Amino acid sequence: MPKLVDPDARRRDVVDALFRVVVRDGLQRASLRAVADEAGLNIGSVRHYFANQQELMDFAMQAMLDRLDERLQQHIERIGNLGDHPREDRLRLAADFLAELLPLDGRRRAEVTVFLDFNAAARTDPAFAALARRTATDIRRLAHRVLTRLDETGTLRPGRDLAFETERLTALLDGLGLGAVLHPDVLDAQTCAGVLRAHLDDLCGDG
């Protein structure tokens with residue numbers, strides 16, 4: 001009997017292989033053939049699911065966003081009502097939530113690396129522009145959501161401009177992600193997490 005293949009599992013395997021190629025060699029080298037070799041498949045098997053590199057990249061980016069959303073939803077379920085937690089715990093929970101966007105471990109480092117390469121490609125390739133723009137909008141929406149919840153629970157210092165602080169927080173997350181991927185020996189995971197927490201402390205402090 002022919003071996004039965006789970007299409008969803010095969011796509012996930014190909015996406016994981018793509019991530020490994022991009023992290024190791026860069027997006028420009030993530031051809032269908034290179035990804036197929038990394039996944040231990042023949043290129044025909046990969047083309048059965050993805051006609052070209054653009055389809056593969058679009059699917060990979062969406063898969064990454066879905067994985068991130070799943071982890072964020074798990075955080076939300078654990079947190080419950082933020083206002084039910086002591087103030088110090090609110091800041092810790094908010095920092096842990098936002099830290100899902102930072103390269104603090106192997107999984108997140110791979111995701112941020114792919115995200116950065118994808119956005120660099122989107123600057124000159126219109127095929128990637130729409131998804132890159134939506135991703136940037138989603139990150140801002142997420143940052144705004146966290147700041148709004150901190151404000152509603154009386155944790156954020158009164159009088160903060162949430163739109164302005166959203167841009168500051170988004171820029172901080174972007175900068176930490178870029179710096180930690182490019183120069184992990186200079187900006188390590190512990191420092192990334194510490195800078196994020198210090199920023200939230202400053203936003204919520206009495207000064």
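Does alanine 180 count as buried or exposed, and at what relative accessibility?

Author: The model shown here is predicted. Alanine 180 belongs to helix 8. Its relative accessibility is 1%, and because buried means under 20% relative accessible area, alanine 180 counts as buried.

The surroundings of alanine 180 come next. With its neighbours within four places in sequence left aside, alanine 180 is in contact with Pro103, Arg109, Leu187 and Cys192.

Two packed helices are described by the angle between their axes and the distance between the axes. For helix 6 and helix 8, the angle is about 105° and the axes are 10 Å apart. Angles of 65 to 115 degrees count as roughly perpendicular, and helix 6 and helix 8 are therefore roughly perpendicular to each other. In this contact, helix 6 contributes Arg109, Val112, Thr113 and Leu116, which meet Gly177, Leu178, Ala180 and Val181 of helix 8. By class, five residues of this contact are nonpolar, two are polar and one is charged.

Helix 8 also takes part in the packing of helix 5. The buried residues of helix 5 are Arg90, Leu91, Leu93, Ala94, Ala95, Phe97 and Leu98. These buried residues pack against helix 8 (162–182), as well as helix 4 (53–79), helix 7 (126–152) and helix 9 (189–204). Helix 5 itself covers residues 87–98, twelve residues, and reaches 17 Å from its first C-alpha to its last, close to the 16 Å expected.

The axes of helix 5 and helix 7 come within 11 Å and cross at roughly 175°. Angles over 145 degrees count as roughly antiparallel, so helix 5 and helix 7 are roughly antiparallel to each other. Here Arg90, Ala94, Phe97 and Leu98 of helix 5 meet Leu142, Val146 and Leu150 of helix 7. This contact has six nonpolar residues, one charged residue and no polar ones.

Finally, the loop between helix 5 and helix 6 (106–122) holds glutamate 100. Glutamate 100 is buried, at a relative accessible area of 10%. Its side chain makes a polar contact of 2.9 Å with the side chain of histidine 75. Beyond its neighbours within four places in sequence, the residues in contact with glutamate 100 include Arg71, Arg107 and Arg108.

Key. Residues numbered from 1 in each chain as written. Predicted model: local features only at pLDDT ≥ 70, side-chain atom pairs only at ≥ 80, totals over all residues. Heavy atoms only, no water. Helix = DSSP H or I, 4+ residues; strand = E, 2+ residues; numbered from the N terminus. Expected span 1.5 Å × (residues − 1). Buried < 20%, exposed > 50% of the residue type's maximum accessible area, 1.4 Å probe, protein only. Contact = heavy atoms within 4.5 Å. Axes fitted to C-alpha atoms, helices over the stretch in contact; angles between N-to-C directions. Parallel < 35°, antiparallel > 145°, perpendicular 65-115°, else oblique. Nonpolar A, V, L, I, M, F, W, Y, C, P; charged D, E, K, R; others polar. Polar contact = N/O pair within 3.5 Å; in protein donor to acceptor, adjacent residues only side chain to side chain.
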